[in-house]
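Student: I have a model open and would like to work through it with you. Can we take it piece by piece?

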Amino acid sequence: MKHRKPRRFAASAALACALALPCLAQEKVQFPSLDRWQGGERLVLDGYLYKPAAEGRFVALVMFHGCAGALGKNGAITQRFRDTAKLLNGMGYGVLLVDSFNPRGERQICTVTPKARAIQEEQRWLDAYGAIEYLNTRADVVPGKIGAIGFSHGGTAAVQVMNAELPVKRQGAPGFAAAVAMYPGCASTLAARPDYVAYAPLLILAGELDDWTPARYCQKLAERSKERGQPVDIEIYPDSYHGFDELSPVKVREDVVRSGKPVHVGGNPAARVAAHARIREFFARHLPAQ
């Protein structure tokens, strides 16, 4: 696994917008993942914390970016994450966007075949549980009530972190209270395993036409989980491809091939509105901000 030399942990409280473009991030932070550098020091991650307007402690959600990373080519936090943070801030939640790529010397992994990727499933959930550990130490966060939301590769992470069979969970680590997974890859190793056990509410939002991370695998996961009495639900939006919550129209990604064909990516305005409403309803029910 390729890493740049890890940074020593030093919490940062830069009380300023992290980037030049308009955004809501009030604090850029650093915190340790549970991932260790060659068995030694814990890798230090970057995070962008979006705080709600109300004063006092807030319930926090951890946000996982997709295979394109947290930052665009211009160095700005991607529009999707800013929009979602604004949506959740408006409900009273704080949002910690975790950058799992740049601290490991990677900008994106979309164009790398899954088996050849330097960053695999384990690194994402180790980062996620490091984020829980960090947020539970903050004086402005309600401890023990941490949620999660992820997109694409980060949506897969959101599915995986809810698995009671993860080694870190079996060792007694605090978990997430609820999670939303946007168009995740449910055919991946951990999510596809028959011993997957969701320990808290999980909502999967997928596109009917998704040819990058097909919804049928998530449908099977949700059906199997429901049969076992586990709190997993799924919503599949018609006429929607991967990234249906994007503002940009659907396009073909010639640089990403699945099953011998390039994939489609892009927004569906109706699905975006419906998904945002479903996210609001889900977190209000399972992890109230107040």
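This is a predicted model: local features need pLDDT of at least 70, side-chain atom pairs count only at pLDDT 80 or more; totals for chains, interfaces and linings use all residues.

Tutor: Residues are numbered from 1 along each chain as its sequence is written, and side-chain values use heavy atoms, with hydrogens and water left out.

Student: How far apart are the end C-alpha atoms of helix α1?

Tutor: Helices (H or I, at least four residues) and strands (E, at least two) are DSSP runs, numbered from the N terminus. The expected span of a helix is 1.5 Å times one less than its number of residues. For the twelve residues of α1, residues 79–90, that should give 16 Å, and the end C-alpha atoms agree with it, being apart by 16 Å.

Student: How many of the twelve residues of α1 are buried?

Tutor: Buried means under 20% relative accessible area, exposed over 50%, and partly exposed in between (1.4 Å probe, protein chains only). Among the buried residues of α1 are Arg80, Phe81, Asp83 and Leu88. The helix is largely enclosed by the rest of the structure, because the buried count is nine.

Student: Which residue of β4 is the bridge partner of Leu61?

Tutor: Two strands pair if DSSP finds at least two bridges between them. β3 and β4 pair in the parallel sense over five bridges, whereas β2 and β4 run antiparallel, joined by five bridges. In β4, Tyr50 stands opposite Val95, and the bridge partner of Leu61 is Val95.

Student: Which residues point one way from β4, and which the other?

Tutor: β4 is mostly covered, with six of its six residues buried. Gly94, Leu96 and Val98 point one way, and the other way point Val95, Leu97 and Asp99.

Student: How many aromatic pairs does a search of the whole structure find, and what is the geometry of Phe282 and Phe283?

Tutor: Rings of Phe, Tyr and Trp (its six-membered ring) pair if their centres lie within 6.5 Å; planes under 30 degrees apart count as stacked, over 60 as edge-to-face and the rest as tilted. The search finds nine pairs. Phe282 and Phe283 lie 5.4 Å centre to centre with 70° between the planes, which is edge-to-face.

Student: Are Ser152 and Asp239 buried or exposed?

Tutor: Most residues other than glycine have a negative phi. Ser152, in the loop between β5 and α3 (153–160), has a positive phi near 55°, and Asp239, in the loop between β8 (232–237) and β9 (251–258), also has a positive phi near 55°. At 10% relative accessibility Ser152 counts as buried, and at 56% Asp239 counts as exposed.
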